[in-house]
Amino acid sequence: MEDNLVDQNSMIELAIECWNYYNKDLLKDINSLHINALQSLSGENIDKWVTGKVKIFNDISEIKNSEEFNEHERTQIKKLYTAAKDENFSNQMLEMAVNKNEILVNSIFGQGLASCKQSIYLPLHGGKNFLRFIDGNDSFYIIQRFNVTGMYFPAKNIFIDFKNGHSRNSNIQKHIEKLNREIVRLFDKIMDFLKNRNSISLYALLISFFRPYHFFNDFLSSLHSFHYYLNHELKKPEIFYKIPRIISLEDGMFYSIKSLYSLPCEEQVVDVDDVNEILIDNQGFIVLPSSNKQYPKQEKAELNNLLVKRSIESILRDSKQAEKFNKLKECYPILWFGICGERRSWDEKVRGVANIVREVRKLYPNVGVILDGLTSTEAQNEKNFRREYAISDTKVAKKIIKRIGPQIPAFNLVGSTSTKKIAYASQADFFLTSYSTDTMFVAHICGKHGVAHMNTLKGTGQHEHPFIYKIPNKYIKNIMDKGSKRKGTNVSYSMKPKKVCSIFISKLQEHLSKGNNFKE
C-alpha cells in the first residue's frame, strides 16, 4: 500500500517537473518518463496538481503591487496591454502571421521579442484561441475571442483579465483548467510538434461562430478590417491573398470567405474536437480575426456592398434560384417580415403579419412578401436544418402563407443561408422585424428602412439603426409566464395586430413617397 502511494507521489512529482519544464521552454530536459507521468494524470489530478488555483488580476492596475512580477516585467505587461487596446493590434498580429508565419511582441521577461508559433483552440463561450508565446525561458498566452480578452502566465499561474473584471473568476479558472487538460491530452504530440519550430507555419485563419450576429459583426468585420488595413494603410493588398487557408466549424460558417474575397486558398469545415490535432499534424497554428475597434462607416459600407454583390452573384449562378429571384423583383413593394421565435417573439405575429399583407395589397396589388426565420450555415443542408432546428419558424411561415393566400407571392427564407438572405434583403422595400438579430441582413447589411418591435425589458443596444422606427413601449405588453423558459429580457410580448398594421402602413407610405427604392 505504501509502495503504491510512493509510486503515485513519484508520478505526480515527475508530472509537475515535466509541466514546469514545458512552461519554461526547457524541452530538452523532458524525457519519456516525464511525458508518461504527465499523461497518466486524471482530469481531476491535472486540475489539482498541474493547474491548481489560478491567481486572477481583474484589472491591469492590480499588477502594480504584484510580488510575482519585477518592475521591468510589470512595465512590459502594461505596454502589451496598451498595445492590445490599439485598434490595429489584431491587424498587426494577422499581418505577421500571414506574412511571416510568426507573431512577435515585445518581450516581457527579457529585452528582445517573444514569439508565437503555437495555438490551442477551445470551444468555450463560442470559441477561444490561446496563442502561446515563447519568451526566453518563459512563456505566456494571449487569449482571443471577439478581441483580446486576457493573458495567462502558466509558470506563475497568473491570469490578467483585459475585460476590466467583466469576466467571472470561476469561468476563468474553469477555462484555464480546460486549456491545461487539452495540452496534457496532446502532450506527446505537442513535444514532437515543437521539435522543429522552423517548420511551423500559419495553418489558417479560423472564422466561425454559432450565431450569425457575432459571425458578421465580430469576426467577419475584423477580417474585413484586416483587408482594409492592408489595402489603405500598409498599401500591401497582396498579403491578404497569402492567407493559407480559412477554416470554420459546421455550425459557424455563415458565409464563404473564399467566395467573398475570391481567395485562392482552400476553405475547410472541420469538427471542433479535431482542430488542435489538425494543427499538430500539419505543423501549424491558427489566429482568429478579432478586434476591439469601432469600425468606421467607410469600412462597414465597403464590406456590406461586397456582401450584397457576392450574394446576388451567387443566386444568379443557379438557374432555379435565379428564376425565383427574378420573380421576386417583379413585385412592388417587397415586404420583409422577420418571424424568428427563438428567443423574444411577438405573440400575435401570424395574425398580425397576414393582416398587414392583406391591407397593403389593397393599396399595392403587386405586393410581394419575404418571410425570414432562423439561418442555416453554408455547411448545413437547408431542408435538414428546417426539420431539425427551425420547426417552430417553419410552422409560423406556413400559417402566414396560408392566411395571405396564393394570390400574393410569398418567399419563405426560414432555414436559408446568409448568402440567399442577403440577396433577397437587398431587394426589399420595407420591413417589420423584432429589434434584434432579425434586423441584421435587411437593415445593417442592406441598409433598408423599416419598423421593429421588442419587449419593454430588452434594449436595442448594438442593434440600434437610424433607418429603424421602433414601435413605442405603450403598445407592447410583456408576457410574464412563470412556467416559461423565457426569463428576464427574453420574454415574449403582445401587440394588437391592428395597431401594428396602422403604424406599419403609415411608415411604409411615408418611406415610399420619398422614392426610396434603390436596389442592386
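Two strands count as paired if DSSP finds at least two bridges between them.

A quick word on what we are looking at. This is a predicted model, where local features need pLDDT of at least 70 and side-chain atom pairs count only at pLDDT 80 or more, while totals for chains, interfaces and linings use all residues. Residues are numbered from 1 along each chain as its sequence is written, and side-chain values use heavy atoms, with hydrogens and water left out.

Back to E11, residues 284-287. Gly284 and Ile286 point one way, Phe285 and Val287 the other way, and all are buried. Buried means under 20% relative accessible area, exposed over 50%, and partly exposed in between, using a 1.4 Å probe and protein chains only.

Now the open sheet. Its six strands come in the order E14-E13-E12-E15-E16-E17, with parallel pairing. At the edges sit strand E14 (410-412) and strand E17 (468-470), each pairing on one side only. From one strand to the next, the twist averages 20°. Strand E13 (residues 368-372) pairs with E14 over three bridges, in the parallel sense, and Leu371 has Asn412 of E14 as its bridge partner. Helix H13 packs on this sheet, touching strand E12 (334-338), E13 and strand E15 (430-434), and its direction makes about 170° with that of E12. Contact here means heavy atoms within 4.5 Å. Axes are lines fitted to C-alpha atoms, for helices over the stretch in contact, and angles run from 0 to 180 degrees between N-to-C directions.

What does H13 do with H15? The axes of H13 (residues 349-363) and H15 (residues 391-404) come within 9 Å and cross at roughly 35°. On the H13 side, the contact residues include Val350, Val353, Ala354 and Val357, and on the H15 side they include Val396 and Ile400.

Next, helix H3, residues 43-51. Which of its residues are buried? They are Gly43, Ile46, Asp47, Val50 and Thr51. These cover an arc of only 110° around the axis, so they lie on the same side of H3. The arc is that of the directions from the helix axis to the C-beta atoms. On the face turned away from the buried side, we find the exposed residues Glu44 and Lys48. Just after H3, Gly52 takes a positive phi of about 70°.

Let me finish with a few single residues. Ser90, in helix H5 (residues 89-100), is buried because its relative accessibility is 6%. Leaving out residues up to four places away in sequence, Ser90 touches Leu288, Pro289, Ser290 and Ser291.

Asn101 is not a glycine, yet has a positive phi of about 60°. Asp25 also has a positive phi, near 60°, and is buried at 15% relative accessible area.

Finally, there is a cis peptide bond between Tyr332 and Pro333, with omega about -10°. Pro333 is in the loop between helix H12 (319-329) and E12.

Methods
Helices (H or I, at least four residues) and strands (E, at least two) are DSSP runs, numbered from the N terminus.
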